[in-house]
Amino acid sequence: MEQQHNYVAIMAGGIGSRFWPQSRVSYPKQFLDILNTGKTLIQWTFERYNQFIPAENIFVVTSQEYVHIVEQQLPGLPAQNIVAEPSRKNTAPCIAYMAFKLQQKDPDATLIITPSDHLVLDTEEFERISGEALAFAKEHNAFVTLGIKPTYPNTGYGYIQHETESVAPNVFKVKTFTEKPDIELAKTFIASGDFLWNAGIFVWKVKDIIHAFEQYQPEMYELFAVEHDNFNTTHEQEAIERVYPLCTNISIDYAIMEKADNVYVIPSSFGWSDLGTWNSAYENLEKDHLGNAVSANNVVVIDAVKCMVSAPSDKLLVLQGLNDFIVVDTPDVLLICQKEKEQAIKEFVSEVKRSKGDTYL
């Protein structure tokens, strides 16, 4: 059956520093219930794909230190499908690892690569678009990415520009990738009508992406190719521990996507957010009559407007008089930050590390 050759790799190794202090190195945001829904982000992601991909064909690639968390949170995932990276080397080595591992297991595999911590509200439309991407990738030597139709000039997302003529129903050739633009450039992108947000979701045949690594990242290709026979054996972990220290720390966008000429995009609208920042959480949470988004069960708000509030339930938090602030309370850290300064939270974390060491990271 054709469907049996479809696979998903969920990338879950990041530390989510822009969601500090709730997201910590020891327990990052993909394992948290950021939106107070009763499920963590990785649980939502797994369930979303498990609607149309069997659990035995879903893999989670994560850091060795998070394997036990994945086991706890995804009991329906086969234990052997939790793939442990020995170090963080960005997305290209992670994707090369999964491609070589799957090629050894199933040479006819078509693979969806996805982040673990994104929000998708319309799961039926998401499944339909994913099916279109899988079908197009199977029929062509094509790298398909899902581009989100932008609703406003967001400066926190990367952008994809595409040709105006489609090559298949709802499939367009990609012209350019652009990293996070400033506000004026983002406005220009939106006005042009041929730019989409980059969701970081990719679909391709495993043999095609391996060929691209051979073409555009020959050194990384060689590192994995040498170990080909060790994948899916008891020697796999030793092999990866040999390979990873020698891999370049590089994203798949820089390593392959911006170089390849067979990249296509499907414009999509399925209620997507990358949930990359506290502001994106704010946008996706219910608000009270003063525009406050409260992800907590024990908060009293008085005369505060348009605040993002996250707090544990075992302590009462009373908030008065703040306007447009992020307030995040945890057992050992309290963050109070203007919403417009949220992109600086990474810098705050660096400052905390300089002055206080690793205790609060």
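The protein chain is divided into domain 1 (6-273) and domain 2 (278-356), with bounds that come from an automatic or database domain assignment. This is a predicted model, in which local features need pLDDT of at least 70 and side-chain atom pairs count only at pLDDT 80 or more, while totals for chains, interfaces and linings use all residues. Residues are numbered from 1 along each chain as its sequence is written, and side-chain values use heavy atoms, with hydrogens and water left out.

**Interface between the domains**

- The C-alpha centres of domain 1 and domain 2 lie 29 Å apart.
- Domain 1 contributes 14 residues to the contact and domain 2 contributes 20 residues, where contact means heavy atoms within 4.5 Å.
- About 1,600 Å² is buried between domain 1 and domain 2, and carbon and sulfur atoms give 59% of this area; buried area is the accessible area (1.4 Å probe) that two parts lose on being put together, summed over both.
- Across this interface, 7 residue pairs are in polar contact, both residues being at pLDDT 80 or more. A polar contact is a pair of N or O atoms within 3.5 Å; within protein, one must be able to donate a hydrogen and the other to accept it, and residues adjacent in sequence count only if both atoms are side-chain atoms.

**Salt bridges**

- The count comes to 14 salt bridges, each defined as a side-chain nitrogen of Lys or Arg within 4 Å of a carboxyl oxygen of Asp or Glu.
- Asp332 lies in the loop between β16 and β17 and Arg24 in the loop between β1 (6-11) and α1 (41-50), so this pair ties together parts that are 308 residues apart in sequence.
- In the salt bridge of Asp332 with Arg24, the closest N and O atoms are 2.7 Å apart.
- Between domain 1 and domain 2 the count is 1 salt bridge.

**Open sheet**

- Four strands form an open sheet in the order β12-β14-β16-β17, with mixed pairing; strands pair if DSSP finds at least two bridges between them.
- β12 (293-295) and β17 (334-338) stand at the edges with a single partner strand each, so one side of each is left without a neighbour in the sheet.
- Strands β14 (residues 308-310) and β16 (residues 325-329) run parallel and are joined by 3 bridges.
- Ser310 stands opposite Val328 in β16.

**Ends of helix α5**

- Helices (H or I, at least four residues) and strands (E, at least two) are DSSP runs, numbered from the N terminus.
- At the start of α5 (residues 183-192), a side-chain oxygen of Asp182 reaches to within 3.3 Å of the backbone nitrogen of Glu184.
- Gly193 follows α5 and has a positive phi, near 85 degrees.
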